[in-house]
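Colleague: I am new to this structure and would like to learn how to read its side-chain features. Could we take them one at a time?

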Amino acid sequence: MGLLSDPNRRRALISLLTRLNAPICVVCYMAGVAWFMGLAFEPFTLRTYMSENAMGSTMVEERFPAGERALGTGREFSAHKKKAGGMPVDWLVKTMQSRGLEVFTQRFSRRLPFPDEDKERYMVKGTNVYGILRAPRAPRTEALVLSAPCSPGDDNNQAVGVLLGLAQYFRNQVFWAKDIIFLVNEHDLIGMQAWLEGYHHTNTTGMDWSPLQGRGGSIQAALSLELSSDVVTSLDLVLEGLNGQLPNLDLANLFYAFCQKIGVLCTTQGKLQRNDWDSVSGYSHAVQTMMLMVMKQASGRPWGDHGLFLRYHIEAATIKGINSFRQYKTDATTIGRLLEGMYRKLNNLLERLHQSYFFYLMPSLSHFVSIGYYMPAFGLLALILLLRMSSPGVLSVLTPLVISHLTGVALYTLPIHFQEIAVEHFPVSETEAVVLTAIAVYTAGLALPHNTHRLLTGRGTENGWKVLKLVAVLYLAVLLGCTALINFSLGFILALTLVPVAAFVTPDVPKALSAFIMVILSPACTLLFSVFLFQELQEMPVSFLDGWMLYLSVISQGILDHALYGSLVYPLVALLVYPCWLLFWNILFWK
Amino acid sequence: MAAHRCSLSALLLIICSLLVFIVADSEKATLTGDHHATAVDNLQTVTETEEGAAAEEPAVEEERRWEETVVEEATADKEDTSAPETVVQSSVPQPKDDFQEELVIRPLHSGDIYASFQFRTLWETDFMRGNKVSHYRLFPKSLGQVISKFSVRELHISFTQGYWRTMQWGQPFLPSPPGAELWVWFQDSVTDVDGTWKELTNVLSGIFCASLNFIDSTNTVQPSASFKPLGIGNVTDHRFLRYATLPREIVCTENLTPWKKLLPCGSKAGLAVLLKSEKLFHSSFHSQAVHIRPVCQDWQCKTTSWELRQTLNVVFDLHTPGQGKLEWSLFKMFSRTLTEACPLASSSKIYIDITDDPQGEQFEVSPATHLLSQAMVLGDRRTFSVYDLTQQITFGTVRSLNLLIRWKSSEGDMLRPLLHAERYVAGYGLQTGEIHTLMYNNHPYRSFPVLLLDSVPWYLRLYIHTLTVTSKGKDNKPSYIHYQPSKDRVRPHLLEMLVQLPPNSVTEVTVQFERALLKWTEYTPDPNHGFYVGSSVISSLVPSIVAMDTNSTREQPLFSSFFPCKEESSYFMRVYTEPLLVNLPTPDFSMPYNVICLTCTVVAVGYGSLYNLLTRSFQIEEPSPGLAKRIANIIRKMRGVPPL
């Protein structure tokens, strides 16, 4: 305790910190990045293990026999889908009824704030169909969900086929203790959002839906199935949900355990697991996998239909069938057996999944990095901000703060409100109008605040910028800290780019060069780089022009995600991160 | 408000007594043994072909084949305070006690099969007024002692595994909520009702081998209107009523065995041989109950007798996709056949509901019987084939009865029962939530009132000011509300409402609640499973299906069908909603070690440095002087001059 209360030693520590401030900051930054990269190195990570006893040692046998018939049902479904030009509601209702389920439908409609050009939709109207398999002698208090999207075109017909096949098979089994809900949702996430809101009778996003008639109590777990070919090479597990939420790690463990048991190739982020962790390529493979997960999580959008369940504290994951050109193939029967096994174990659950981790990263499906291991990497970056707090002064920084935040509010609200005016005056579509307005507001913000302090005091005092910097640095530290707690990936990526800016910006550095660096490290450019990096990691590099188009669509998707599903990344960036960055921009142009 | 309440309960009383008359009227003539004989004689003479037509056109000659017995109306009986049954007894030589058993089998709309056992023991005795009853014959001694020791006037207990699917199965004869339900009316001589109730639940817990001892003040309520006495007696002061449910109670063989032991023949003879647990618990729904109540001995009702009614309802799942005909037999379902009636029983019968099959196309019952019976069940006129087990002829030459039914299933589309209800928890997150109760009135043109009873544990703190009742988008003001707020760790919320359900509508009752944070010892061993909230109870007089039939296709004399006939106009019905499973904010019990480490560190660092700062005395330290100065000071000290 002497360290803190002994004035001499305290003074020595402070002088050490002030003398070596810059080198320590550089070392911290390097160490933070190195720590993060080290997370993917296999000896530093933990093997996954099943924490939930109810799912662990209990043996289940998988006997699902009817893969071929399920595919036949899938083909029938696709024919009816073509005929109906969308969801074949009547056919699905009849088919589910003949399989002994209680069948219900839900209609929903939603007008998007602006047309979504990626998925070509604006006025969305659809119907969800779901059938409930009632467990014998169960009082309707718990349920499990298996869902498959009814996608346009030829996608996911097999998924619906397997779903119906499983429904038929499950109906004749006696061991169910929880109701099982088989859901076919139209318009992927919008339909899922409508169904979940209907089931929990909430309305967070202003969607119109008809109330649900049948329920099965509180949902314990959910799986979403995406399958577009009769045979698959591997099954991919998608975990990242809305706002970077992840399901309990036990769900991933369960999937991995059954893939191992049945002998199905399984991947996460589309990457197979490799055994050569000690080779360079093996390590870079793990880094790639982990980075992909970080990028996806940071984006805060649901990467599968399961993503929206997580808000309701329902553990959920998407299982995607991938058919590549490898020799190794798995048929529908095996996929059915895998799902049967997973549902039987979920059926055995006595409590909600809660034993294992909720915060983790996965460099491969069999290894994970828990929150205790990855937080130091972020902590090292955040430490820099604390070290860079210089001497305090007077609170004269209100004006820049207010003006930066007003710019943020403008960035948040204007794009959607001004789309009509923009469309009238410029030859662009609505989506482009929204995105371009966002970029315009963003750029306009750069011109604004570096003159603000002069408006107030008429002179840029020496003390003024120091106080502003103190406030800005503290602000950023708190902001990033909170973000990293909820969504580590987003927090870390933002820290990676914003912390150097925050640490070294003063009015005295060369203006032109530092302005250039600051713009490069600004949130918008971070997003641009992330888009390119993501494509690179997925081994689908794009040209600059395509990348730019992708960048624009990512922005529009971000705004749409916020409006449709309540994703928080866009408001976070617009209302908090961007104004904070503007404060540093302000400091640069103080004099 | 109090006056208002009084008038309302008076109204309810009137409704109840009205119902009594209705039921009494609907009972038909009586039957004695020789009628059976003639009916059975007919059985051999009448040709097979006439059989189907009989149900359709009740001609005068065929009328005889109708067994004129009254089928006990299952649900209506519950409200029955006079004793039409005892009228049956009065015509035969009076035994001191009497035992009847019956089994009703009904193929359900969904293709499942519903079997309902009823065993009734009547005993003309008086447990009260200091009578020491020590000689027991048919009536189980354990229950008799309970009645006299605890001054019980009525006792109703049910154990249910599963939820009755009204949308697929229609109405059950005797409704019951998932888990255990117990409600007791005490004699008005009992002074300490709560203490007696506590003792009684513990004793019953032992008798039925169930966790009824978990019933305490936190889950016991005193409903003011929903549970009226079903036997005779005029005390309706709800101070003597206690009602409790245990939605989490799991019912299994250990509850069935003591239940079977209460029967006079045990499971040795009679219908009870069918009650094999390995089959009964291989079903979609299982419910067993015991009802004890006082009934009249004769039509003058001067003295009372005690009625013990044991019921067991079970629904078997017969789902076989892609098959036109379903097949069911006693052996297939119970893995036993019947060889004799219980020798102690005065009547022992099997009824098969063949109403849905007037033409004999859908059903094939073998061995065939010509004994038919008609009864009003739940507001609907049903036709039954009757098998009398006391007649040797029923068992045929093989000396065993294995009923076999084949019928076409009409799977798929759901029923629209006149009244049904559902309930769910809305919202997300662990802070607040909203309970939604939906009540459907599917009657095309009649509205009717229902009594809704909700008992919610204290750890869901109801915000009663958010209570809304809406039907058809409009506010529907309940005409009677009885609300008793909860007390933390002492008693639950009780909410009773009388709501008018408009025709063809959904009425939604919503109330918001906050989830309480429990003390850490109050969590169950599996806190992440969630906490149960018992079913709400909806009691109502529902307009009957027969009365709904305005353009009657039944061939009736014209003079009889102008005014809707009164005795069939409505019937009593009780509907239970599903229980709720609610998650409460739960600490992470698996990480006490982390928590202890972290708090210890924080306390050590924080407290340590603060303590250090508070107790240390700070002084400005003189810089140590140089050697010359020190020497000079020594010299100055020797000279007596103050040092530098």
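**Reading side chains, pair by pair**

Modeller: Start with A:Arg171, which counts as buried because its relative accessibility is 13%. Keep in mind that this is a predicted model.

Colleague: Which residue meets the side chain of A:Arg171 in a salt bridge?

Modeller: B:Asp317 does, with N to O at 3.0 Å. This pair crosses between chains: B:Asp317 sits in the loop between strand S8 (304-316) and strand S9 (325-329) of chain B, and A:Arg171 in helix H7 (residues 157-171) of chain A. B:Asp317 is partly exposed, at a relative accessible area of 33%.

Colleague: How many salt bridges are there over all chains?

Modeller: The count comes to 27. Another of them joins A:Lys271 and A:Glu539, whose closest N and O atoms are 3.2 Å apart. A:Lys271 belongs to the loop between strand S9 (265-268) and helix H10 (280-299) of chain A, and A:Glu539 to the loop between helix H20 (523-537) and helix H21 (544-565) of chain A, so the pair ties together parts 268 residues apart in sequence.

Colleague: Is A:Lys271 buried or exposed, and is A:Glu539 buried or exposed?

Modeller: A:Lys271 is buried, with a relative accessible area of 9%, whereas A:Glu539 is exposed, with 54%.

Colleague: What does a salt bridge look like within chain B?

Modeller: Take B:Glu307 and B:Arg293, where the closest N and O atoms are 2.8 Å apart. B:Glu307 is in strand S8 and B:Arg293 in strand S7 of chain B, 14 residues apart. B:Glu307 counts as buried at 1% relative accessibility, and B:Arg293 is buried with a relative accessible area of 5%. Salt bridges can also share partners, as in the network that joins A:Glu102, A:Arg134, A:Arg140 and A:Asp179.

Colleague: How should I read a pair of aromatic rings?

Modeller: Such a pair is described by the distance of the ring centres and the angle of the planes. Over all chains there are 47 aromatic pairs. In the pair A:Phe170 and A:Trp176, the centres are 4.6 Å apart and the planes stand at 50°, so the pair is tilted. Both A:Phe170 and A:Trp176 are buried.

Colleague: Why is the pair of B:Trp164 and B:Phe285 edge-to-face?

Modeller: The planes of B:Trp164 and B:Phe285 are at 85°, with the centres 5.1 Å apart, so the pair is edge-to-face; the cut-off for that class is over 60 degrees. B:Trp164 lies in the loop between strand S3 (152-161) and helix H6 (166-169) of chain B and B:Phe285 in strand S7 (residues 285-296) of chain B, so the pair ties together parts 121 residues apart in sequence. B:Trp164 counts as buried at 6% relative accessibility, as does B:Phe285 at 3%.

Colleague: Which residues form an aromatic cluster with A:Phe170?

Modeller: Among them are A:Phe64, A:Tyr169, A:Phe175 and A:Trp176. A:Arg344 lies over the face of A:Phe175, at 3.8 Å from the ring centre.

Colleague: Where is B:Thr160, and what is around it?

Modeller: B:Thr160 is in strand S3 of chain B and counts as buried at 1% relative accessibility. A polar atom of its side chain lies 3.3 Å from the backbone oxygen of B:Pro177. Leaving aside neighbours within four places in sequence, the contacts of B:Thr160 include B:Ser176, B:Val251 and B:Phe285.

Conventions:
Residues are numbered from 1 along each chain as its sequence is written. Chains are lettered from A and ligands numbered from 1 in the order in which they are written. This is a predicted model: local features need pLDDT of at least 70, side-chain atom pairs count only at pLDDT 80 or more; totals for chains, interfaces and linings use all residues. Side-chain values use heavy atoms; hydrogens and water are left out. Rings of Phe, Tyr and Trp (its six-membered ring) pair if their centres lie within 6.5 Å; planes under 30 degrees apart count as stacked, over 60 as edge-to-face and the rest as tilted. Buried means under 20% relative accessible area, exposed over 50%, partly exposed in between (1.4 Å probe, protein chains only). Helices (H or I, at least four residues) and strands (E, at least two) are DSSP runs, numbered from the N terminus. A charge sits over a ring if NZ of Lys or CZ of Arg is within 6 Å of the ring centre and within 35 degrees of the ring normal. A polar contact is a pair of N or O atoms within 3.5 Å; within protein, one must be able to donate a hydrogen and the other to accept it, and residues adjacent in sequence count only if both atoms are side-chain atoms. Contact means heavy atoms within 4.5 Å. A salt bridge is a side-chain nitrogen of Lys or Arg within 4 Å of a carboxyl oxygen of Asp or Glu.
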